[in-house]
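Colleague: I have a structure to look at and would like to go through it with you. Could you show it to me, please?

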Amino acid sequence: MKEDQSRIIREQATRSATREHSVPLYLTSSFIFDSAEQGRAIFADEEEGMVYSRYANPNTAEFIDRVCAMEGAEAGLAFSSGMAAVFVSFAAFIQHGDHIVSSRAIFGSTHQLLTQLFPRWGITHTYVETADIADWEKAIQPNTKIVFLESPSNPGLELYDLEKLGQLKAKYPDVIFSIDNCFATPYLQKPLPYGFDLSVHSATKYMDGQGRVLGGVAVGKKDLIDKMMFFIRHTGPAMSPFNAWVLSRSLETLNLRMDRHCANALALAETLEQHAEVLDVKYPFLPSHPQYELAKKQMKAGGGIVTFEVEGGQERAFRFIDSLKMIKYTSNLGDTRTIATHPASTTHSKLREDERLLLGIRPGTIRLSVGLEDQNDIIEDIVQALELTK
Ligand SMILES: *Cc1c(COP(=O)(O)O)cnc(C)c1O
């Protein structure tokens, strides 16, 4: 099977003696050994085999194998949530005195990790404000262990040049380059071939894509994944077999869903750009996006998130959201259902006003996670809410 998609669908947990076609759910906390000798050999790492579902389970293993096939990764690990994956992708490698370089525009809880929790253990960070690779290099110190970023960013949809960052990695081979690839998904963007060491995801978003379960996954270089494995084996943020089973089935349709998310998002972004009540529309595949060329180079399509600003600040933004009929207000994203969010008062409310402005979040900024409903219905709901609140 030459094509990724065929492998993703066909690569599945070993068929049991029952000869099932679709993979069953392995709800078992532990696995038996055929003999005392086998138990000894597995624990001594002389023989491969499952032991306990905190370490590995057929459902989580299948999910991981599929994400590895999508990203072109050597190895991977599944986690109870996206934040568990992000946390372990730092914590497995750092110690007191180490330093992290990160893009400023990162997921809210990742920001809390860097600014509130890690300083307790003597770990410092530097935020890079721009996409200019010289600024990234300047931020690297002798004690820098990890360079981390999200691209596209949330909710400003700024991009970082993955090829240039890969070249920087080559210059600093001992620094781990890690990306939260959640917004793009492995279908739209593959950072590892550029030289990145790790690609981390909240599987809760597009991988599930239906707003049902939490999950996280990290894939990349095998030696790094092994170190993360040691960490989760002894700290416990493992993915449940049920969630892995759900997520693994979802990956079979990720490409189809993303194609539709992207087509709907682009059509909506083009409509919003023409609308008089809208001040600013951000979407990576709009020619007006300042990094349009870069987006076309490193992403297959623009993704499912569109960010725009309504005229009239927070008061208008609130009235706009309350006037939506079909679209609901929730802080999740990457769902079949279109979702509207007001970042300044929710996901990014813990930031200071000046920090929000650095991320392009103004009082009138709205983030839309564009779903899989009929394109005309999505656009109609948004346009009627804009007209009603003029
Ligand atoms: C949601 C999200 C996370 C956290 O994932 P959870 O599954 O909610 O723990 C991390 N990074 C990004 C970019 C996200 O959107």
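Modeller: A term first: a polar contact is a pair of N or O atoms within 3.5 Å; within protein, one must be able to donate a hydrogen and the other to accept it, and residues adjacent in sequence count only if both atoms are side-chain atoms. This is a predicted model, in which local features need pLDDT of at least 70 and side-chain atom pairs count only at pLDDT 80 or more, while totals for chains, interfaces and linings use all residues. Residues are numbered from 1 along each chain as its sequence is written, and side-chain values use heavy atoms, with hydrogens and water left out.

Colleague: Which residues surround the ligand?

Modeller: Among them are Ser81, Phe107, Glu150, Cys182, Phe183 and Lys205; a residue is near a molecule if one of its heavy atoms lies within 4 Å of it. The shell divides into four nonpolar, five polar and three charged residues. In this scheme Ala, Val, Leu, Ile, Met, Phe, Trp, Tyr, Cys and Pro count as nonpolar, Asp, Glu, Lys and Arg as charged, and the others, Gly among them, as polar.

Colleague: Now to Asn154: buried or exposed?

Modeller: Asn154 counts as buried because its relative accessibility is 2%; buried means under 20% relative accessible area, exposed over 50%, and partly exposed in between (1.4 Å probe, protein chains only). Asn154 lies in the loop between β4 and α7 (162-171). Helices (H or I, at least four residues) and strands (E, at least two) are DSSP runs, numbered from the N terminus.

Colleague: What does Asn154 touch?

Modeller: Leaving out residues up to four places away in sequence, Asn154 touches Phe107, Phe183, His348 and Arg367, where contact means heavy atoms within 4.5 Å. The side chains of Asn154 and Arg367 are joined by a polar contact of 2.9 Å.

Colleague: Which residue does a cis peptide bond join to Asn154?

Modeller: It is Pro155, with omega about -5 degrees. The peptide bond from Ser151 to Pro152 is also cis, with omega near -5 degrees, and Pro152 is placed in the loop between β4 and α7.

Colleague: Changing topic, which residues of helix α5 are buried?

Modeller: In α5 (residues 108-117), Thr110, His111, Leu113 and Leu114 are buried. They are on the same side of α5 because they cover an arc of only 155 degrees around the axis; the arc is that of the directions from the helix axis to the C-beta atoms. Their cover includes α4 (82-91), β2 (99-103), β3 (124-128) and β4 (144-150).

Colleague: Lastly, where is Thr185, and what is its phi?

Modeller: Thr185 lies in helix α8 (residues 185-188). Its phi is positive, about 70 degrees, although Thr185 is not a glycine. Thr185 is buried, with a relative accessible area of 1%.
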